[in-house]
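Here is a briefing on one protein chain. Take a look at the model before reading on.

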Amino acid sequence: MLLSRSLSRIFPGRRRCIWLAAGCALLALYWFSLPATLFDKPLSTVIEDCEGRMLGARIAGDGQWRFPAAASVPEKYAQAVVLFEDKRFYRHWGIDPAALSRALLQNLRKGSIVSGGSTLTMQVIRMMQDHPPRHLLQKTKEAILATRLELRCSKEEILNLYAANAPFGGNVVGIGAASWRYFGREPEALSWAEAATLAVLPNAPALIHPGRNRTLLLNKRNRLLDKLHEAGCMSREDCSLAKDEALPDRPHPLPVDAPHLLDRIALSDKGNRIRTTLSQPLQQRVNEIVRHRAALYRGNYIHNMAVLVAEAESGDVLAYAGNAYHEEQTAGNRVDVIPAPRSTGSILKPFLYAAMLDHGELLPDMLVADVPIQIRDFAPKNFSRTCDGAVPAHRALERSLNVPAVRMLMTHGIEKFHLLLRNLGMTTLAHPAEHYGLSMILGGAEASLWDVTGMYATLSRTLKHYAENSGRYDPADLHGLNFYLNRSYRLRPSTPETHLEQTAPVEAAAIWQTFQALAEVSRPEEEANWKDFSSSRKVAWKTGTSFGYRDGWAIGVTPQYVVGVWVGNASGEGRPALTGVNCAAPVLFDVFARLPHGAWFAPPYDDMVRAVICHKSGHRASPICTETDTALIARSGLETAVCPYHTLIHLDREQKYRVTTECAGTDEMVHVSWFVLPPAQEWFYRSRNTGYKPLPPIHPDCVNTEAQQQMDLIYPQPNLTVVLPRQLDGSEGQAVFHAAHRRSSATIFWHIDNRFVGSTRTPHRIPVSPASGEHVLTLVDDRGNRFTGYFTVDEKEKRE
């Protein structure tokens with residue numbers, strides 16, 4: 001004692017320091033008593049359309065329907081829950097002494113706990129702690145923490161915490177989930193009766209179950225409605241009408257408008273409420289189209305379909321139907337096909353056409369060769385299995401001819417086309433250009449509906465902005481599609497070349513001419529006479545069908561919208577008649593019929609020039625072209641070659657025979673410009689173009705000095721490696737060589753390595769079985785004209 005007094009005299013402020021330190025420690029303990037995150041339970045993933053309407057939700061990881069908290073609490077529910085649970089909520093600081101006193105008296109009178117006297121703030125604390133057992137110490141803790149919560153949050157925030165985490169029976173937590181599960185609508189759309197029902201429910205969540213104390217729940221709700229009337233929140237008439245509303249019978253199913261997009265978003269934004277760019281009314285209409293068409297196609301065992309609708313200018317997705325969805329998980333209907341790589345068929349041909357126009361390699365009416373081609377084992381065929389010999393480029397695109405497309409890609413270059421596709425946003429090109437080869441233009445490279453639809457949108461955006469920006473290109477146009485509202489989520493090309501581009505990947509004039517050609521593509525039967533109706537719209541569109549009838553594509557674009565459709569089987573199974581025209585195109589135009597109309601693209605006149613075009617060849621006219629047209633072409637089109645098919649020939653006075661100075665004087669000659677195609681092209685072309693005039697024969701008195709090539713090989717092409725087939729019994733078969741001659745009456749004599757093989761008259765086909773190695777093929781006609789070519793028969797390929 002003496003020592004303590006002595007120390008107190010020596011250290012008079014020691015006791016005060018101890019008390020101060022203890023007070024600071026208690027204050028710090030109080031201040032940091034609440035965790036930074038009050039509720040860490042897993043949340044449901046919820047997606048909404050651009051106006052906040054719910055499109056779908058996924059249950060939380062713990063099996064509860066617990067939506068992320070909304071920005072605010074609906075007014076009707078807020079008034080009801082405050083009046084029912086804590087009528088002095090806006091006046092106290094977390095603890096209501098009057099309510100606690102009343103509860104204490106009630107509990108003492110009953111001899112058990114019948115009332116807790118908790119405020120809404122205290123109930124938030126209790127929910128945060130996962131509803132621990134009730135006792136005095138726990139109540140004290142809740143009271144202390146409630147005061148701390150009042151210091152951290154506003155009253156509105158506390159009320160929102162309560163509404164978002166209150167139990168509503170079963171596995172339903174929070175006002176958002178409860179409103180949808182019990183009444184099938186958003187919390188903001190609740191009636192007074194529905195808001196009152198949800199206000200009383202957390203007090204006794206088990207009452208919501210059908211057949212269990214329903215009368216008790218109804219009485220509690222109606223008493224609250226009377227209180228709301230007495231408080232002036234609603235009129236007597238409204239109160240009476242609200243009491244007549246029935247209680248919910250069973251939980252409502254949540255909206256399932258965009259289930260595949262929900263799954264896609266849940267991968268990266270699980271447990272969040274995501275506002276998307278989608279429009280719920282359009283999404284529902286697209287879903288109806290998909291369900292209707294899918295039901296028709298199931299008769300042909302075609303089970304899957306995807307549709308993507310976006311604004312062309314912004315790239316914002318308006319409708320996202322990832323598959324033909326139905327409740328039963330069958331036939332791959334839960335697979336989201338939109339981001340899945342699929343064989344493209346012919347859907348990439350417009351990009352090649354536009355690129356060649358842009359590089360000065362093509363004009364819209366220019367003839368391109370349509371004769372059989374084979375490069376080793378790659379032998380593309382047109383869908384019709386026939387060839388036209390030569391066809392205008394825009395017609396080749398409109399008819400989606402495969403052979404001209406391959407020849408065009410050979411001219412343009414695989415590497416350049418590969419780079420263009422990557423710069424436009426094709427993210428699935430994981431290999432270098434040589435890996436895909438020429439088959440890239442016919443489906444040899446896979447792409448997703450997401451990428452391809454975005455690429456068409458980029459062309460539309462570039463063309464539209466060209467006019468709006470006075471011909472200037474904006475690099476910001478080079479982006480893909482987006483389904484997040486107010487968030488930058490653009491699928492941009494990942495190649496470094498993109499960032500070096502100072503000009504558009506394809507100039508406006510080339511895009512406009514491409515869209516003009518695509519607008520003339522023959523539509524499905526029900527749309528065949530679209531030009532006869534003023535209400536019809538112009539759509540640039542293209543279809544594609546993959547090898548084996550596994551994928552049917554249709555992409556359509558206007559200045560306002562881009563629509564992408566894929567039809568097929570997610571398993572990859574092909575089906576007869578599964579083509580883009582038969583299956584995907586009808587869906588495409590069903591969707592466009594439900595979109596608003598708009599004006600067509602304005603021609604980019606500043607990027608175009610007038611040029612004189614040969615009427616027959618589509619090339620820039622040469623001085624000897626007899627029929628010409630004046631047309632607007634891209635400026636780069638001035639770099640194309642002049643017409644190579646018109647040539648001057650010399651005829652006798654009757655214009656029946658060709659003559660030379662050896663058999664006729666110059667005063668006896670008539671000089672005529674003649675349209676002459678190469679022999680192989682002519683052989684096919686003349687059978688489909690009755691107006692084509694072959695060259696007149698040489699006059700019998702003239703020495704046979706043909707200026708034009710008289711023969712050409714259709715198969716094999718020069719320097720081709722020939723593969724000899726095997727018969728069913730394993731013996732070696734024969735290859736059938738095919739040639740074309742200008743004269744239908746000509747005889748061709750075939751020689752291999754100077755050894756006579758045989759002779760042919762039209763059609764010039766001959767079976768041969770040459771030995772392995774390199775060979776020289778010589779053709780001689782009955783007038784001595786000669787053609788020489790080279791080919792190889794590979795020993796390894798013969799064995800295989």
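Predicted model: local features only at pLDDT ≥ 70, side-chain atom pairs only at ≥ 80, totals over all residues.

The chain holds 24 helices and 26 strands. Of its 800 residues, 52% count as buried.

**Overall fold**

- Take contacts between residues at least 6 apart in sequence: 66% of them join residues at least 24 apart.

**Nonpolar cores**

- In soluble globular proteins, nonpolar side chains tend to be buried together.
- The largest nonpolar core has 117 residues. Val 309 and Phe 417 touch the most other members.
- Helix H19, residues 449-468, gives the most to this core, with nine residues.
- Setting aside residues up to four places away in sequence, Phe 417 touches Leu 348, Phe 351, Leu 352, Leu 409, His 412, Met 440 and Ile 441.
- A second core is separate and has 59 residues. Phe 39, Ile 125, Phe 168 and Trp 192 are included in it.

**Helix H22 and its surroundings**

- H22 spans residues 580-592. Of its 13 residues, 11 are buried, so H22 is largely enclosed by the rest of the structure.
- The buried set is Gly 580, Cys 583, Ala 584, Ala 585, Pro 586, Val 587, Leu 588, Phe 589, Asp 590, Val 591 and Phe 592.

**The H13–H22 pair**

- H13 covers residues 280-297. The axes of H13 and H22 come within 10 Å and cross at roughly 155°.
- Angles over 145 degrees count as roughly antiparallel. H13 and H22 are therefore roughly antiparallel to each other.
- The crossing of H13 past H22 is right-handed.
- On the H13 side, the contact uses Val 286, Ile 289, Arg 293 and Tyr 297. On the H22 side, it uses Asn 582, Cys 583, Pro 586, Val 587, Asp 590 and Val 591.
- By class, this contact has seven nonpolar, one polar and two charged residues.
- An α-helix has 3.6 residues a turn, so residues three or four places apart point the same way.

**Asn 287 in H13**

- Asn 287 has its place in helix H13. Is it buried or exposed? Asn 287 is buried, because its relative accessible area is 12% and buried means under 20%.
- Asn 287 touches Asp 257 and Ala 321, not counting residues up to four places away in sequence.

**Ala 554 in E13**

- Ala 554 lies in strand E13. Its relative accessible area is 0%, so Ala 554 is buried.
- Which residues does Ala 554 contact, leaving aside neighbours within four places in sequence? They are Lys 542, Thr 543, Val 563, Gly 564, Val 565, Ala 584, Ala 585 and Leu 588.
- Among these contacts, Ala 584, Ala 585 and Leu 588 are also listed as buried residues of H22.

**Helix H16**

- H16 runs over residues 402-412. Eight of its 11 residues are buried, so H16 is largely enclosed by the rest of the structure.
- Buried here are Asn 402, Val 403, Pro 404, Ala 405, Val 406, Met 408, Leu 409 and His 412.
- The buried residues of H16 pack against helices H14 (349-358), H15 (393-398) and H17 (414-424), and against strands E9 (367-370) and E10 (389-392).
- Just after H16, Gly 413 takes a positive phi of about 110°.

Conventions. Residues numbered from 1 in each chain as written. Heavy atoms only, no water. Axes fitted to C-alpha atoms, helices over the stretch in contact; angles between N-to-C directions. Helix = DSSP H or I, 4+ residues; strand = E, 2+ residues; numbered from the N terminus. Parallel < 35°, antiparallel > 145°, perpendicular 65-115°, else oblique. Left-handed = near helix turned anticlockwise from the far one by under 90°. Contact = heavy atoms within 4.5 Å. Nonpolar A, V, L, I, M, F, W, Y, C, P; charged D, E, K, R; others polar. Core = buried A, V, L, I, M, F, W, Y, C linked by side-chain atoms within 4.5 Å. Buried < 20%, exposed > 50% of the residue type's maximum accessible area, 1.4 Å probe, protein only.
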